Amino acid sequence: MAKTGILDLAAGIGGQIKKEPVESAVEKYEKYQVRYGGDAQTRKDNCVDAVNKYYDLVTAFYEFGWGQSFHFAPRWKGESLKESITRHEHFIALQLGLKKGMKVLDVGCGIGGPLREISRFSLVSITGLNNNEYQITRGTELNCLAGLVHSCNFIKGDFMKMPFPDNSFDAIYAIEATCHAPDAHGCYKEIYRVLKPGQCFAAYEWCLTDNYNPNNESHKKIKAEIELGSGLSDIRSIRQCLDALKQAGFEVIWEKDLAVDSPLPWYLPLVTQHFSLSSFRLTTIGLLLTRIMVKTLEYARLAPAGSFKVHSVLEIAAKSLVDGGREGIFSPNYFFLVRKPLSKS
Ligand SMILES: C[S@@+](CC[C@H](N)C(=O)[O-])C[C@H]1O[C@@H](n2cnc3c(N)ncnc32)[C@H](O)[C@@H]1O
């Protein structure tokens with residue numbers, strides 16, 4: 001059953017964390033962040049703990065506000081949020097040339113919204129790799145409900161050291177997930193290892209654009225708040241991602257920041273003045289209602305102590321993402337298609 005009601009939200013906050021420590025978990029998570037004195041190296045060194053805490057805390061909110069796919073998308077006029085998200089998933093499947101019978105890996109798969117959509121669209125088997133136990137439990141329930149247990153499965157593991165033999169997959173994709181890697185080269189190198197020679201990897205990465213100025217205080221603040229709000233240790237530039245791919249051994253087929261040509265901005269659903277029935281829970285009134293409900297549920301002890309604090313982290317995420325998008329210094333739509341060469345010459 002879809003978990004989109006307010007009581008589902010209250011029950012899901014904290015994920016695998018037992019209810020009482022939600023408050024201390026969110027406080028510990030915050031301590032990794034710039035605003036609370038943390039630095040990028042500490043976040044990288046404690047990446048698995050920080051990212052897992054983040055997703056335990058926020059997954060119920062994501063599903064409540066966003067649905068089963070936890071990513072943005074370029075958007076055409078007249079498209080609903082859901083339509084744009086689905087089209088973005090079909091786009092990556094078509095770029096990879098997915099065909100019936102191929103064995104595909106989804107790196108950092110969330111609760112499996114993209115994986116189920118792409119498996120049905122391209123008739124492929126997909127394994128979702130995820131380090132978060134709570135998301136895997138939830139994703140497995142949703143696979144069962146969708147009747148996809150024979151074509152879709154989840155494996156618990158860290159994408160920095162994947163639990164697969166060399167040359168295992170016919171295609172690999174990652175949607176807004178490898179941005180959590182403490183080191184892009186290490187992560188891409190693992191993807192390279194488990195991909196069969198001659199086959200492709202495609203991804204949507206969260207990146208700083210060329211407009212980002214590391215000496216501009218306002219840019220630095222936006223970057224730090226996106227990291228705080230979204231569980232990231234250090235957002236990389238497009239150039240850093242591209243260099244890391246080449247260093248890992250990939251041939252770049254093509255790459256582009258798809259946000260640049262998008263008729264509507266990817267951050268539109270988060271613009272609080274924007275009214276949309278399809279993303280009502282993300283609008284000003286929707287967010288205000290959620291905030292009041294979460295506070296009430298926490299007060300009535302139906303939601304764990306600390307739930308309101310988690311919601312506040314997500315409000316910081318929404319505001320900083322909009323600021324980053326408006327300034328043109330950040331994009332979650334940096335796309336690349338790369339190939340593992342047949343043999344090294
Ligand atoms: C923004 S979500 C995107 C989820 C999914 N790709 C989607 O679009 O719905 C990022 C995902 O990356 C996963 N992740 C983060 N760090 C990871 C790691 N080290 N190993 C495996 N998965 C990881 C998180 O647990 C989460 O599921």
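I started with C207, which is buried (under 20% relative accessible area, with exposed over 50% and partly exposed in between; 1.4 Å probe, protein chains only), at a relative accessible area of 0%.

Before going on, I noted that this is a predicted model, where local features need pLDDT of at least 70, side-chain atom pairs count only at pLDDT 80 or more, and totals for chains, interfaces and linings use all residues. Residues are numbered from 1 along each chain as its sequence is written, and side-chain values use heavy atoms, with hydrogens and water left out.

Next I looked for disulfides (pairs of cysteine sulfur atoms within 2.5 Å). The whole structure has zero. C187 is in none, and its nearest cysteine sulfur, from C179, sits 9.7 Å away. For C207, also in no disulfide, the nearest is that of C241, at 3.7 Å. C187 counts as buried too, with 1% relative accessibility.

Then I turned to the sheet. Helices (H or I, at least four residues) and strands (E, at least two) are DSSP runs, numbered from the N terminus; two strands pair if DSSP finds at least two bridges between them. I found an open, mixed sheet of seven strands, ordered 3-2-1-4-5-7-6. Strand 3 (152-156) and strand 6 (251-257) are at the edges with a single partner strand each, so one side of each has no neighbour in the sheet.

Which strand does strand 2 (residues 125-130) join through five bridges? That is strand 3, and the two run parallel. Here I126 is opposite C152 of strand 3.
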